[in-house]
Amino acid sequence: MIRKIFLKLICFLTPLVFIGLFSSCDTGVEDSPAPGIVRVVLRANPSDTYIINRSDTFYIFSPYYNKTRFNLNIFQGRIYSGDKFAILYKTTQSYQQEDSIYNMVQTNYTSEQINSIVMDLFNGKVKLADLVCDYKSHKIFESYAPPGNYTRLTFGVNASQDVFKSRMAAYNVYGDSIVIPLEVPEDEELLKNLDVDFKVNEGGITQLNVEVDVFKSVYRYRDAYRLNRNLRVLSVEYF
């Protein structure tokens with residue numbers, strides 16, 4: 001009888017001993033930190049609102065503003081920490097990189113607001129050079145990334161290769177238009193490197209605000225128009 005009780009007691013205590021041993025053991029392996037999120041927002045320069053072609057000026061503030069377009073193809077985003085890099089995707093649900101086309105001269109104005117500005121321009125109450133435009137911001141990347149310090153943002157910028165979206169179109173107050181194809185010079189890399197110091201915090205959001213000159217990036221070369229792609233990081237925000 002005593003032997004049976006002793007065996008039952010051993011069977012009962014043995015699992016508890018193992019649980020106690022393993023729960024108190026240090027495996028020596030640290031938990032991996034949770035990733036942060038990197039968000040990249042691209043917007044056209046608010047002071048870049050017109051282009052001059054010969055003696056004519058074409059600008060955003062026109063009754064035809066909703067037909068104005070300046071499409072950029074954005075692709076292959078990365079952030080760098082030394083030689084190491086993290087790939088940026090369009091959304092946190094994306095599983096592969098993709099090209100995306102954005103009309104950089106879309107605005108936040110209503111037609112009534114545009115018409116008011118157009119009348120002021122037409123009547124000489126304001127000067128075109130003094131106006132700034134409320135362009136829409138485009139979230140071009142939002143992706144998980146390992147926590148740490150980073151020093152560079154890289155992504156591809158090109159004119160759209162779609163024949164229906166590859167031309168810049170701008171108008172003036174009289175309805176005259178300039179519609180031209182855009183192309184990056186053949187000797188330039190499609191990837192743009194932007195030096196910027198920032199960090200990704202565990203569980204946090206780091207937002208890089210990037211600005212691009214649209215009309216100022218266009219210049220005439222012989223019988224064609226080239227796209228210079230002037231970009232800069234304006235600020236870094238943490239959420």
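Me: Which residues is asparagine 172 in contact with, leaving aside its neighbours within four places in sequence?
Reply: Thr57, Phe58, Tyr59, Ser62, Pro63 and Tyr64. Contact means heavy atoms within 4.5 Å. This is a predicted model: local features need pLDDT of at least 70, side-chain atom pairs count only at pLDDT 80 or more, and totals for chains, interfaces and linings use all residues. Residues are numbered from 1 along each chain as its sequence is written, and side-chain values use heavy atoms, with hydrogens and water left out.

Me: Where is the place of asparagine 172?
Reply: Asparagine 172 sits in the loop between β9 (167-171) and β10 (177-181). Strands are DSSP runs (E, at least two residues), numbered from the N terminus.

Me: Is asparagine 172 buried or exposed?
Reply: Buried, because its relative accessible area is 6%. The cut-offs are under 20% for buried and over 50% for exposed, with partly exposed in between (1.4 Å probe, protein chains only).

Me: And which backbone nitrogen lies 3.0 Å from a polar atom of its side chain?
Reply: That of aspartate 176.

Me: New topic. What is the strand order in the open sheet of four strands?
Reply: The order is β7-β1-β12-β15, with mixed pairing. Two strands pair if DSSP finds at least two bridges between them. The edge strands are β7 and β15 (231-238), each pairing on one side only. The twist averages 20 degrees from one strand to the next. Axes here are lines fitted to C-alpha atoms, for helices over the stretch in contact, and angles run from 0 to 180 degrees between N-to-C directions.

Me: How many bridges join β1 to β7?
Reply: Seven, and β1 and β7 (residues 138-145) run antiparallel. Valine 40 stands opposite phenylalanine 141 in β7. Leucine 42 has histidine 138 as its bridge partner there.

Me: And how many to β12?
Reply: Eight bridges join β1 to β12 (residues 205-212), and these two run parallel.

Me: Why is β1 largely enclosed?
Reply: Because eight of its nine residues (36-44) are buried.

Me: Switching to the core. Which residues touch the most other members of the largest nonpolar core?
Reply: Phe61, Phe70, Leu153, Phe155 and Phe215, out of 56 residues. Strand β8 (residues 148-159) gives this core its largest share, five residues. A nonpolar core is a set of buried Ala, Val, Leu, Ile, Met, Phe, Trp, Tyr and Cys residues joined through side-chain atoms within 4.5 Å.

Me: What is phenylalanine 70 in contact with?
Reply: Beyond its neighbours within four places in sequence, its contacts include Tyr102, Met104, Met168, Leu182, Phe215 and Leu227.

How values were computed. A polar contact is a pair of N or O atoms within 3.5 Å; within protein, one must be able to donate a hydrogen and the other to accept it, and residues adjacent in sequence count only if both atoms are side-chain atoms.
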